[in-house]
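Dear colleague,

Please find below the structure I promised to hand over, and after it an account of what was found in it.

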There are 2 protein chains.
Amino acid sequence: MTELAELNYAQRERLAFIDFCLQFIGQLARADLVNHFKTGLASCSRDLTLYKELAPNNMTLKHETKQYYRTNEFQPVFEHNPEAILGSLCRGFGDGISQGINPSEKCIDATRLIHPDSDVIATLMRAINNRHAISCDYISLTSGESSREIIPHAIANNGQRWHVRAFDKKSKEFRDFVCTRLQNVTEIQKPIATMQAGEYDKQWHNIISIDLAVHPTVKHPKAIELDFGMSGGILHLEVREALLGYLMRQWNVDCSSNAMLTGGEHHLWLKNIVELGGLSCLKIAPGYKESE
Amino acid sequence: MTELAELNYAQRERLAFIDFCLQFIGQLARADLVNHFKTGLASCSRDLTLYKELAPNNMTLKHETKQYYRTNEFQPVFEHNPEAILGSLCRGFGDGISQGINPSEKCIDATRLIHPDSDVIATLMRAINNRHAISCDYISLTSGESSREIIPHAIANNGQRWHVRAFDKKSKEFRDFVCTRLQNVTEIQKPIATMQAGEYDKQWHNIISIDLAVHPTVKHPKAIELDFGMSGGILHLEVREALLGYLMRQWNVDCSSNAMLTGGEHHLWLKNIVELGGLSCLKIAPGYKESE
DNA sequence: ATAGATCAAATCAAAATGATATCATCTAAA
DNA sequence: TTTAGATGATATCATTTTGATTTGATCTAT
């Protein structure tokens, strides 16, 4: 009996592809494998035979259409990560290499309007890994353009934009910089000062426990419980302090102390806001009042 | 001279991995390849030699650290899609198969709080491909729980949730259903009526041209122009009518006729709102007034 | 009935891979 | 300073995987 673990990387990939197509498309022909992996026809037959050996009841060949079909007894051989599945469906699989783009008409991801430059990302990531500073020109929404030296230690998406978390030499504190607003980014090839390293970014490393509850104005709370996979109407999360405000804004979480926001767009309420005490990061959160 | 196109899928994948590591991490050791592809050490040496042949100036071996380093003359051999890059960095590459999860500390994607069940997605996708209806129990925010038969034709992410676009037999029109609010989903194995097919979903197929402009209240418009890659302060988009409202809400686009919203959270304004005429899909858009 | 498409299975040659041994280079500990 | 240990390169050979080709089966469409 063949075991999955015995197989090499390429073979497992092809079997995973078969598994995926059956589960999420329902059918599969040899030509699909040839197209995707640029492999020979004979290989496809072999792979299909191998898959049948691993999961005899997962598919049947219909000669009418010359395709394999998923059976009702289908049991996935591979665990497919839900987020990754949706990504693959949207992109039309890509080829695993350059993520080829055959965007699907049937699975459409949210429109991303902000696309960081990949050279900027590359330079940032290398600086992060090398523990180096970068010099750049930054355009702030409040103060406009200026040259900066910053020491980045992480990149994060706040739901809309990609930010880089970095020590800012100008203000001498850790801050967020929007990746698309960085220009002329250059890695500075020398060691950084100790206190500028990511380890000293308190707000980044401080993990905050929050309880999100269904907002009391919601008429059918079960819908929201299902959305967020809540048990007992509560979603418990552990969040970096530096990212908490963004999260609240992204999910439109009512951060008033008594869930007093109305308007219908708030599905969630930050239940333990009072216990958390004052947090400057919540300034941007819906309904948050600082002086309480 | 070896050409990229001559190589097989597995080899190209490994070379792409080398290329990616150099560009986005800056360094690479044989062990990284062994870990990722579960390959033999000798193979790694072969792959590295092959990569050197393809791009002689992209990396140098430093014996001090026994690693290869990206040179300043680096020219990527593969085109890496920006969105895919960030995904790979966040997930710690995965293994291309089950998208193995070694979440990175240095690259953090936005927190997804809503995770559609992969069996639901699978059933929906198969029904879409097979042009079949499904039966399910749906919990609506406004009207609560009910059994439905719907004919799905696409899945879309509206920035927060995954929706399925489907003909609803109950209301006899095309509507959006939140994937996480579907329960007991079953494919109905029989042909659908003509008018229920996706081709007849007018709002889905109607493509609307919109012009987004930097909101007049923004102090440093260049920051926003950079974010959205605008030329001349305008971002032109073609959007499905069915998704337009979500897009406006996702990006907080001021949809009032004269960009009258204040508050600082609006970076964009829908400049050609007047030309568009009344659109019911904009009901949920910030600042939209129906009777004008 | 027949041509055409697609699948399966078998065979053989070519290519890729894994295992192993030997050597080189550099670091870090003795 | 010397030496052990880690990691890299390279070469060789056996094994495995893959590609190409042929033959045969099944079904559709004409």
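Two strands are said to pair if DSSP finds at least two bridges between them, and the helices (H or I, at least four residues) and strands (E, at least two) named here are DSSP runs, numbered from the N terminus. This is a predicted model, in which local features need pLDDT of at least 70 and side-chain atom pairs count only at pLDDT 80 or more, while totals for chains, interfaces and linings use all residues. Residues are numbered from 1 along each chain as its sequence is written, chains are lettered from A and ligands numbered from 1 in the order in which they are written, and side-chain values use heavy atoms, with hydrogens and water left out.

In chain B, strand E7 (residues 162-168) pairs with strand E8 (residues 173-178) in the antiparallel sense over six bridges, and within this pairing Phe167(B) has Phe174(B) as its bridge partner in E8(B). E7(B) and E8(B) form a hairpin with four residues between them, and Lys172(B) in the turn has a positive phi of about 55°.

As for the interface, 91 residues of chain A are in contact (heavy atoms within 4.5 Å) with 91 residues of chain B. The area buried between the two chains, that is, the accessible area (1.4 Å probe) that two parts lose on being put together, summed over both, is about 8,100 Å², and carbon and sulfur atoms give 57% of this area.

Across this interface the rule finds ten salt bridges, each being a side-chain nitrogen of Lys or Arg within 4 Å of a carboxyl oxygen of Asp or Glu. One of the salt bridges joins the side chains of Arg181(A) and Asp227(B), at 2.5 Å from N to O. The largest share of the side of chain A that touches chain B, nine residues, comes from helix H5 (residues 118-130) of chain A.

A search of the whole structure finds 24 salt bridges over all chains. Among them is the one between Arg240(B) and Glu105(A), whose closest N and O atoms are 3.4 Å apart; this pair crosses between chains, from strand E11 (residues 234-240) of chain B to the loop between helix H4 (82-91) and E4 of chain A.

Strand E4 (residues 107-108) of chain A is itself joined by two bridges to strand E6 (residues 144-157) of chain B, and the two strands run parallel. Here Cys107(A) has Ile155(B) as its bridge partner in E6(B).

With best wishes
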